[in-house]
Amino acid sequence: MVSALLGVGLVALTIVHLLPVYFGLSIGGPFLILFVVAPYIAIALGAGWFGEVRRYQAELRAMQLQLIQSEKLDSVGRMAAGVAHEVKNPLQMILTGVEVLSKRLADTDESTRQILRDMADAVERADRIIGGLLNYSRDRGLGLAYADLNGTIEKSLALVNHELDKAGIALVKNLHESLPMVRLDEFKMQQVFVNLFTNAMHAVGRDGQIRVATSMERLTRGPNVGHRKTDRYTPGERVAIIRIEDSGPGIPREHLEKVFDPFFTTKPTGSGTGLGLSVSRQIVEMHGGTIEAGNRDAGGARVTIMMKLGTAGAPA
Amino acid sequence: MRRRRILLVDDEVSITRALALYLTENGGCDVRVENEGIRAVASAREFEPDLIFLDIMMPDIDGGTVASEIQDDPLLRGTPIVFLTALVSRDETGGTLKRIGGYPFLAKPTHPEVVLEYIKVHARKGA
């Protein structure tokens with residue numbers, strides 16, 4: 001589309017440049033200038049107009065995606081309570097039955113005992129998924145207080161440190177030393193960071209590397225920056241940026257738009273609920289922030305979170 | 001010392017059957033089952049339980065109403081109640097600290113050993 005327009009523009013430009021030479025020399029200077037300059041003005045106006053159209057198309061698409069995402073979240077919420085009740089009762093029966101049998105068959109052979117243990121484990125697994133759904137559908141409120149974002153990240157890392165060490169994964173931290181305090185629900189943001197670190201750990205496998213960096217930036221432009229209602233940030237607004245990068249294989253291009261969808265997972269059945277990133281996005285957006293997932297040029301995935309920085313009244 | 005009397009009120013027959021068996025065989029409890037919520041108060045008056053495990057979402061009456069009827073009953077007032085419910089996730093239970101309407105609760109599915117622990121903590125001590 002763009003190349004076709006450029007082609008037409010160039011042809012038009014050539015013709016109108018020749019016109020004054022062919023017909024217009026005798027007409028006089030002012031007309032000559034008009035003939036030469038007009039096409040440039042027309043092309044500049046046209047390009048500006050097409051640029052606007054493209055920008056509005058992109059915005060419309062972003063709004064449509066947001067709407068779809070929000071409808072998905074609402075459906076999940078509505079479904080969760082119903083599913084929870086219908087599934088948790090049978091799970092209670094199975095778990096109690098398994099425990100009755102385990103006690104009665106205390107002297108049975110090892111393979112029978114193993115089957116009973118597996119059944120109890122399966123109930124636990126199903127309950128974790130249902131529990132995640134219930135929590136997901138209810139997490140609509142925040143307990144906001146000013147907190148040190150770097151400290152929140154450190155606390156989250158403390159929760160996964162053991163797993164990092166066990167897998168021999170190197171952690172590289174580059175935390176901005178004078179990041180101002182941010183208004184956040186520290187518990188929920190820890191949930192976000194633990195989710196992201198856990199995903200990164202699964203992506204890099206043994207002996208990989210995870211990098212976490214914080215920085216502070218003043219936004220001038222970007223997809224979420226502007227003065228419209230749909231824009232999350234105003235031009236010139238200061239934000240804290242958290243980048244979590246890994247040395248894994250990256251996110252396949254066809255998955256990039258789906259990674260924040262509820263129930264989207266690439267992990268083996270039973271290993272993930274597919275709610276981790278979706279919940280993370282929900283939490284970050286409740287804070288008025290944004291979260292994006294992408295790939296690094298050098299390979300590996302990168303998740304970028306932007307959080308609004310405190311304004312008046314924020315402790316230093 | 002007499003055996004602890006436990007009343008299980010839940011419309012799911014399979015749950016009360018298995019749980020009654022477990023508590024009888026492994027906890028030495030005297031268990032009575034009531035699968036119709038609307039009959040829970042009458043059953044409690046007959047049985048005089050030391051603790052009632054009460055489901056919340058039942059087809060004929062909700063557990064909250066049953067709990068308040070029990071507390072309004074002069075004979076049953078003060079009978080300990082623990083809600084056993086599918087409406088909350090396990091993350092939301094916090095031992096005896098978190099309560100629904102002032103009562104402790106357990107999230108289904110709960111390991112029957114935990115049910116036994118709750119009996120030890122909450123049941124009225126036997127004579």
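The structure is a predicted model, in which local features need pLDDT of at least 70 and side-chain atom pairs count only at pLDDT 80 or more, while totals for chains, interfaces and linings use all residues. Residues are numbered from 1 along each chain as its sequence is written, and chains are lettered from A and ligands numbered from 1 in the order in which they are written.

Chain A contains an open sheet of 5 strands in the order 2-4-5-7-6, with mixed pairing. Strands (E, at least two residues) and helices (H or I, at least four residues) are DSSP runs, numbered from the N terminus, and two strands pair if DSSP finds at least two bridges between them. Strands of a sheet pair through backbone hydrogen bonds, either parallel or antiparallel. At the edges of the sheet are strand 2 (170-174) and strand 6 (290-295) of chain A, each of which pairs on one side only. From one strand to the next, the twist averages 15 degrees; here and below, axes are lines fitted to C-alpha atoms, for helices over the stretch in contact, and angles run from 0 to 180 degrees between N-to-C directions.

Strand 2 of chain A runs parallel to strand 4 (residues 209-218) of chain A, and 5 bridges join them. Leu171(A) stands opposite Ile210(A) of strand 4, and Asn174(A) has Ala213(A) of strand 4 as its bridge partner. Strand 2 of chain A is hardly covered, as the count of buried residues among its 5 residues is 0. A residue is buried if 20 or more other C-beta atoms lie within 10 Å of its own, exposed if 12 or fewer, and partly exposed in between, with C-beta atoms placed from the backbone.

The loop between strand 6 and strand 7 of chain A holds Gly299(A). Gly299(A) counts as exposed because it has 12 C-beta neighbours inside 10 Å. Between Gly299(A) and Pro249(A) there are 50 residues of separation in sequence, but their C-alpha atoms are 6.7 Å apart in space.

Two helices of chain A touch strands of the sheet. Helix 4 (residues 149-166) of chain A packs on the sheet, touching strand 2, strand 4, strand 5 (238-246) and strand 7 (301-308), and its direction makes about 175 degrees with that of strand 4 of chain A. Two residues are in contact if their C-beta atoms, placed from the backbone, lie within 7 Å. Helix 5 (residues 186-204) of chain A lies across strand 4, strand 5 and strand 7, at about 30 degrees to strand 5 of chain A.

Two packed helices are described by the angle between their axes and the distance between the axes. The axes of helix 4 and helix 5 of chain A come within 9 Å and cross at roughly 35 degrees. The contact includes Ile153(A) and Leu157(A) of helix 4 and Phe193(A) and Phe197(A) of helix 5 of chain A. By class, this contact has 10 nonpolar, 4 polar and 3 charged residues. Ala, Val, Leu, Ile, Met, Phe, Trp, Tyr, Cys and Pro count as nonpolar, Asp, Glu, Lys and Arg as charged, and the others, Gly among them, as polar.

Helix 5 of chain A also meets helix 6 (residues 276-286) of chain A, with axes that come within 9 Å and cross at roughly 145 degrees. Among the residues that meet are Val192(A) and Leu196(A) in helix 5 and Val279(A) and Ile283(A) in helix 6 of chain A. The residues of this contact divide into 7 nonpolar, 5 polar and 1 charged.

Chain B has 4 helices and 6 strands, which follow the pattern β-α-β-α-β-α-β-β-β-α along the sequence. Of its 127 residues, 40% count as buried. In helix 3 (residues 63-72) of chain B, the buried residues are Gly63(B), Val66(B), Ala67(B) and Ile70(B). Seen down the helix axis, these residues fall within an arc of 100 degrees, so they line one face of helix 3 of chain B; the arc is that of the directions from the helix axis to the C-beta atoms. Ser68(B) and Asp72(B), on the other side of helix 3, are exposed.

Between the chains, 20 residues of chain B are in contact with 19 residues of chain A. Helix 1 (residues 13-27) of chain B gives the largest share of the chain B side, 8 residues.
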